[in-house]
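Subject: Handover of a structure and summary of findings

Dear colleague,

Please find below the structure that I am handing over to you. My notes on what was found in it follow directly after.

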Amino acid sequence: MVFQRIHPMNQPDPTELFRTLVAAGENVYLTGAGGTGKSYEIRRLIAADPERFSVTASTGIAALNVGGLTLHRWSGMMLGPRPEESNAAYLAQLMKDKRRSVRAGFDRIQACKTLILDEVSMLNGRTMDFLDYLCQKIRRDNRPFGGIQMIVTGDFLQLPPVKKDPAIPYDWAFLSPSWKTAGFHVIQLNRVRRQEDPAFIHALSNFRRGNVTGAHAALLKSRVARFPDASITRLFTHNRMVDKWNNCRLETLEGNRKEFEAELTGDENQQEFLIKNLLTPHCLALKPGAQVMFTVNSVEGGFVNGQTGLVRDFKPGVIQVESNQRTIAVEPFTWKFDSRDPRSATFTQFPLRLAWSMTIHKAQGLTLDSAFIDVRAAREPGQAYVALSRVRSLAGLHLKDWFSGIFVSRAAIDFYNTQAH
C-alpha cells in the first residue's frame, strides 16, 4: 500500500508529536521554514540516545554540521548508480568492490536501528530509491529501507538537488517511490525562532513561497542598500565573488599577513572531504583588524558558530579576537571525519574564517546578525530565501538590489499545500 500520513500544520504541539512518533519507531519527515528549530530537535534526539541513531546528511557541509557522514559514505554506495543504471546492476558492482569504505558502509546498514538524514531537499529521488533497495538487500528485509526507522529533515522550499540539465525537472526525494512506500509522517514546525519581528517573519514566509507582493514586498524592498558598510558580511552565489571580496578587504589592512595551515591526519580521501566541506579554510590568512567568523560552538570559549569579531593579536598557539566587547583567546580545534571512528581523518585549525563574505550554500544553517545579500545571480529554487532567512532582524538585512523575480519550485509548493487539508 502506498500512502503518506500528513499532520496538519496547525496541530497544537508539533515538537511533542515528533518526539512521540520517533519514540514509537515511525518514519518521520521533520520540516519547517528556516529558523524553526529543526536542527535543535535533531541534536536533542542524538544527545538523548547517541547509540540509537546513525547520523547522515545529503551534503558534506550539512554532514559536518550535524556531526555525521554523508549518506553516500555512510551507506557505502559511493557515487551511487548512474541515471541509466539499474539498482541490481550497481549493487552487483558494489558487491565486487573490495574497498574498506564500501564494506564498512554495508556493516553500518546491517547494524542500523534509526537513520537520521538531514537536508533531504538536496538529495535526489534516484539516490533515495537506491538507498531503499540497498538496505533491503543488505539486511535481507523487504520492508521499506530494510526495516530501518527513517528520520529525515529539511525544507523542500530551500536548496534543491543538483541537476546538470536545466531542461529536466528537479528529481525531488518526495516524488520517489521509496518516499511514498515509507509512509512518512510529515511534521511541520511553524514557530520561527531566529527572527522576532512579526512583519519580517511574515514577509520571509511569503518570500519562501515566491509571493513577493504588496506590503511584504515593500518591507523587503526598503532594505536595498546601495552603499552598505564594508564590514557587513556579504552573501554571494559564487565562490569567485567570495574570494575576490575577502582578498580585497584583507589587502586594505595594514600589518603583516599571517597564514595558518591546518594539521591533517589519516586517510587522504577523508582529508580532502574535510578540506572541501568545512567552513574553516585549510589555509587561514589573517591580519590584525581582519573581520572573522567563529565556525564552531564553544561553551568554554564563550562563542557560537556564526558569531563575528575582529582579530586583535597573535600569540603562540592563540589568536586573540575581539567580539561582543570582550577579547577571546581562540585556540585550535580538531574536526573528525567520523566522530565515532578513532581511525578517521582529523583536521586541526583555528575555528575561524574571514567574515567579509561567503557563499549562500555555506551560509545554510547559520544565523547572522547582519548581512549584505546579492541574489541577482540566484537561479536555484529557494536559494534567495536561504540567504534572506539567515538574518535575525529586518534592520540587519541589506540587499544589493531589488530582484526582478525569484525562483521557487511548483512541485515543492504543491507538496506543502497538501498539508493544509
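How far is the sulfur of Cys135 from the closest cysteine sulfur, and in which residue does that closest sulfur lie? The closest one belongs to Cys112, and the separation is 7.4 Å, which is too far for a bond. Please bear in mind throughout that the model is a predicted one.

Cysteines

Cys135 is a buried residue, because its relative accessibility is 1%, and buried means under 20%. For Cys248 the closest cysteine sulfur is the one in Cys283, at 19 Å, and this is again too far for a bond, because a disulfide requires two cysteine sulfur atoms within 2.5 Å. Cys248 is partly exposed, with 42% of relative accessible area. A search covering the whole structure returned zero disulfides.

Helices H1 and H2

Two packed helices are described by the angle between their axes and the distance between the axes. In this model, helix H1 spans residues 14–23 and helix H2 spans residues 38–48. Their axes come within 12 Å and cross at roughly 35°. The crossing of H1 and H2 is right-handed. On the H1 side, the contact is made by Thr15, Phe18, Arg19 and Val22. On the H2 side, Tyr40, Glu41, Ile42, Arg44 and Leu45 take part. Sorted by class, the contact of H1 with H2 comprises five nonpolar residues, one polar residue and three charged residues.

Helix H1 also holds Leu21. Leu21 is buried, at a relative accessible area of 9%. Between Leu21 and Ile187 there are 166 residues of separation in sequence, while their C-alpha atoms are 9.8 Å apart in space.

Thr237 sits in a loop that runs between strand S8 (234–236) and helix H11 (239–251). Is Thr237 buried or exposed? With a relative accessible area of 12%, Thr237 is buried, because the cut-off for that class is under 20%. The side chain of Thr237 makes a polar contact, at 2.7 Å, with the side chain of His238. Leaving out residues up to four places away in sequence, Thr237 touches Ile360, Asp374, Ala377, Ala378 and Gln383.

Ala63 in helix H3

Ala63 is part of helix H3, which covers residues 60–66. The relative accessible area of Ala63 is 0%, so this residue is buried. When neighbours within four places in sequence are set aside, Ala63 is in contact with Ala57, Gly68, Leu69 and Thr70. A further pair to note is Ala63 and Asp118, which are 55 residues apart in sequence and 7.5 Å apart from C-alpha to C-alpha.

Backbone angles

Most residues other than glycine have a negative phi. Which values of phi are found at Met78 and at Arg140? Met78 has a phi near 55°, a positive value in a residue other than glycine. Its place is in the loop between helix H4 (71–75) and helix H5 (87–95). Arg140 has a phi near 50°, which is likewise positive in a residue other than glycine. Arg140 belongs to the loop between helix H7 (125–139) and strand S6 (149–154). Arg140 is exposed, because its relative accessible area is 77% and exposed means over 50%.

Pairs for orientation

Arg343 lies in the loop between strand S16 (333–336) and strand S17 (346–349), and at 60% relative accessibility Arg343 counts as exposed. Ala92 is located in helix H5 and is partly exposed, at 38% relative accessibility. Ala92 and Ala285 are 193 residues apart in sequence, and their C-alpha atoms are 47 Å apart in space.

With kind regards

Conventions
Residues are numbered from 1 along each chain as its sequence is written. This is a predicted model: local features need pLDDT of at least 70, side-chain atom pairs count only at pLDDT 80 or more; totals for chains, interfaces and linings use all residues. Side-chain values use heavy atoms; hydrogens and water are left out. Helices (H or I, at least four residues) and strands (E, at least two) are DSSP runs, numbered from the N terminus. Buried means under 20% relative accessible area, exposed over 50%, partly exposed in between (1.4 Å probe, protein chains only). A polar contact is a pair of N or O atoms within 3.5 Å; within protein, one must be able to donate a hydrogen and the other to accept it, and residues adjacent in sequence count only if both atoms are side-chain atoms. Contact means heavy atoms within 4.5 Å. Axes are lines fitted to C-alpha atoms, for helices over the stretch in contact, and angles run from 0 to 180 degrees between N-to-C directions. A crossing is left-handed if the near helix is turned anticlockwise from the far one by less than a right angle, and right-handed if clockwise. Ala, Val, Leu, Ile, Met, Phe, Trp, Tyr, Cys and Pro count as nonpolar, Asp, Glu, Lys and Arg as charged, and the others, Gly among them, as polar.
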